Amino acid sequence: SLLTGRQDIAMGLNPDAIETVRAAGAKAYISIEPAVFGISFITFKPGPWQDVRVRRALNMAVDRQRIIDALLAGATVPTGQPAAHGVIGYDPDIEPYPYDPEAAKRLLAEAGYPDGFRFVLECATGIDPNDSSVYQQLQTDLAAVDVKMDITTMPPTQFFNALRLTDFTGDAFPVDWPSWPTMDVTRGVLAHSCERINPWYCDPGAMPLLVKARTTWDPDEALALKRELMRRYHDAAPAIFMYETANFVGLSERVAGFDIVNGTHISFETVTLSP
């Protein structure tokens, strides 16, 4: 529709289509949301997720940069914390987990899984950019350290209902850690903490820090607390922290002034269409 002139704005553009769109004379708009995409572990179930060494091992088993370059048009950056650049509390000193399959295997062996294990990822596709291919590459990376990830898909409505109730039959699921609309790291952490009615991850020791980070008025002290919270979540690895979430939009050559504010709001009042 975009290329034939029947449509001027195409939301949710597949990253693979960017060069096709540009070659046809249209434009690609790419923005980074104040959110981090990750694979969250349901740590309340008995099994490997209760051991932090396993969670860290899986973080080291994934080649994030290869996924970004091959499947997301190189448009975003890997991360090792539940906050994106520009969000209050983001810690620039926290590096993503290194891609190190051999170290991942050693950690798995130390945790009692020298031969790996099998788990189920429950997901819906068509929600995040190139998500189906991302899950398949994850599956390949984890298989290299003898961890077998079975992928179970469901319709988006069913997935979001399961997410709302934490009603998954599998062991892990993909979900964003969003900092909008407050642009504060504690916004994303809340949903991944004991504060959730049915949490999938709960670190009681982190709760006093979370509360203090949210209620301290002094800006310098609050920033230090939020960065401490980011370090705690990095070290605990309750998810495979993947990358900062990207938006891909196709625009016809008629469109000017298109912008997405904070990754979530389109400034329609600034959009113009030429004849």
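**Exercise 1. Are Phe 159 and Phe 168 buried or exposed, and how do their rings meet?**

Before you start, keep in mind that this is a predicted model.

Step 1: look at the rings. The centres of Phe 159 and Phe 168 are 5.7 Å apart and the planes make an angle of 55°, so this pair is called tilted.

**Exercise 2. Work out how the rings of Trp 49 and Phe 117 are arranged, and which parts of the chain they link.**

Step 1: get the context. Searching the whole structure turns up 14 aromatic pairs.

Step 2: take the geometry. For Trp 49 and Phe 117, the ring centres lie 5.5 Å apart with the planes at 80°, so we call the pair edge-to-face.

Step 3: Trp 49 belongs to the loop between strand E2 and helix H2, Phe 117 belongs to strand E3, and the two are 68 residues apart.

Step 4: ask about burial. Trp 49 has a relative accessible area of 3% and Phe 117 has 12%. Buried means under 20%, so both residues pass.

Step 5: zoom out. Trp 49 and Phe 117 belong to one aromatic cluster along with Phe 41, Tyr 113 and Phe 119.

**Exercise 3. Find which residues of helix H3 are buried, and what they pack against.**

Step 1: list them. In H3, which runs over residues 64-71, the buried residues are Arg 64, Ile 67, Ile 68 and Leu 71.

Step 2: look down the axis. These buried residues fall within an arc of 105°, so they line one face of H3. As a reminder, an α-helix has 3.6 residues a turn, so residues three or four places apart point the same way.

Step 3: find the neighbours. The buried residues of H3 pack against H2, helix H5 and strand E6.

Step 4: peek past the end. Just after H3 comes Ala 73, with a positive phi of about 55°.

**Exercise 4. Which cysteines form a disulfide, and how exposed are they?**

Step 1: count. There is 1 disulfide here.

Step 2: name the partners. Cys 194 and Cys 202 form the disulfide, with sulfur atoms 1.9 Å apart.

Step 3: The angle about the S-S bond is 95°, and the link between Cys 194 and Cys 202 is right-handed.

Notes
Residues numbered from 1 in each chain as written. Predicted model: local features only at pLDDT ≥ 70, side-chain atom pairs only at ≥ 80, totals over all residues. Heavy atoms only, no water. Phe/Tyr/Trp six-rings, centres within 6.5 Å; stacked < 30°, edge-to-face > 60°. Helix = DSSP H or I, 4+ residues; strand = E, 2+ residues; numbered from the N terminus. Buried < 20%, exposed > 50% of the residue type's maximum accessible area, 1.4 Å probe, protein only. Arc of directions from axis to C-beta. Contact = heavy atoms within 4.5 Å. Disulfide = S-S within 2.5 Å.
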